[in-house]
Amino acid sequence: MIKALVFVLMMFSCVKAAIIEADYSPANVIAFGDSNTNGSVIPKYPTVLDGLLHDSYFNPVVNKGVAGNRFYHAELRLATDIMPLYESEISRNIIVVAFGTNDIINGIELDTIQEQARRVFSALK
């Protein structure tokens with residue numbers, strides 16, 4: 001978890017540098033996932049991320065985690081939970097996608113998980 005958080009923070013540092021250089025308005029950060037996003041893990045990573053990023057270059061992190069969700073649910077929720085935020089007037093959106101734990105726990109085949117994940121990421125392009 002710590003390695004993943006370090007990687008994410010390095011990625012956000014690069015984004016922040018691009019925002020500063022281009023003199024853009026703040027970027028949206030949307031945490032989209034399952035219970036790991038929703039808050040079963042203490043501290044919640046969106047809260048930690050918000051504390052580290054919230055400044056004049058990033059808007060507050062929007063937590064869109066739902067306990068028990070799988071990639072199947074992510075596909076269903078894209079239209080209602082994510083796309084209205086993603087297609088907002090702010091053109092810079094960073095979406096942290098964190099699904100998969102419940103897929104594995106529920107014995108979903110890896111090929112199915114990969115295909116559903118591809119569809120989710122394709123929709124976010």
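In the predicted model, strand β1, which spans residues 28–33, is mostly covered, and six of its six residues are buried. This covering applies to both faces of the strand: N28, I30 and F32 are buried on one side, and V29, A31 and G33 are buried on the other.

Strand β1 belongs to an open sheet of three strands, arranged in the order β2-β1-β3 with parallel pairing. Strands β2 and β3 stand at the edges and have a single partner strand each, so one side of each is left without a neighbour in the sheet. On average, neighbouring strands of this sheet are turned by 15° against each other, with direction ignored. In general, the strands of a sheet pair through backbone hydrogen bonds, and the pairing is either parallel or antiparallel. Here, β1 runs parallel to strand β3 (residues 93–98), to which six bridges join it. Within this pairing, A31 has V96 of β3 as its bridge partner. On the other pairing, four bridges connect β1 with strand β2 (residues 62–65), again in the parallel sense. In β2, V62 is the residue opposite I30, and G65 is the residue opposite G33.

Helix α3, formed by residues 45–53, lies across β1, β2 and β3 and runs at about 165° to β1. Four residues of this helix, Y45, P46, L49 and L53, are buried. These residues cover an arc of only 95° around the axis, and they are therefore placed on the same side of α3.

Y45 is also a contact partner of T37, a residue located in helix α2 (residues 35–38). The side chains of T37 and Y45 make a polar contact of 3.1 Å. With residues up to four places away in sequence not counted, T37 touches A31 and F32, as well as K44, Y45, P46, N63, G65 and A98. The relative accessible area of T37 is 0%; because buried means under 20%, T37 is classed as buried.

Aromatic residues were examined next. A search of the whole structure finds two aromatic pairs. One of them is formed by F32 and F99, with an edge-to-face arrangement in which the centres are 4.9 Å apart and the planes make an angle of 80°. This pair links distant parts of the chain, since F32 lies in strand β1 and F99 in the loop between β3 and α5 (101–105), 67 residues apart. F71 is buried, as is F99. Together, F32, F71 and F99 form one aromatic cluster.

Helix α5 contains T101. T101 has a relative accessibility of 37% and therefore counts as partly exposed. Apart from neighbours within four places in sequence, T101 is in contact with D34 and N36. The side chain of T101 is joined to that of N36 by a polar contact of 3.0 Å. T101 and G33 are 68 residues apart along the chain, and their C-alpha atoms are separated by 9.8 Å.

For the chain overall, 34% of the 125 residues count as buried. Among contacts between residues at least 6 apart in sequence, 78% join residues that are at least 24 apart.

Definitions and conventions
Residues are numbered from 1 along each chain as its sequence is written. This is a predicted model: local features need pLDDT of at least 70, side-chain atom pairs count only at pLDDT 80 or more; totals for chains, interfaces and linings use all residues. Side-chain values use heavy atoms; hydrogens and water are left out. Helices (H or I, at least four residues) and strands (E, at least two) are DSSP runs, numbered from the N terminus. Buried means under 20% relative accessible area, exposed over 50%, partly exposed in between (1.4 Å probe, protein chains only). A polar contact is a pair of N or O atoms within 3.5 Å; within protein, one must be able to donate a hydrogen and the other to accept it, and residues adjacent in sequence count only if both atoms are side-chain atoms. Contact means heavy atoms within 4.5 Å. Two strands pair if DSSP finds at least two bridges between them. Rings of Phe, Tyr and Trp (its six-membered ring) pair if their centres lie within 6.5 Å; planes under 30 degrees apart count as stacked, over 60 as edge-to-face and the rest as tilted. Axes are lines fitted to C-alpha atoms, for helices over the stretch in contact, and angles run from 0 to 180 degrees between N-to-C directions. The arc is that of the directions from the helix axis to the C-beta atoms.
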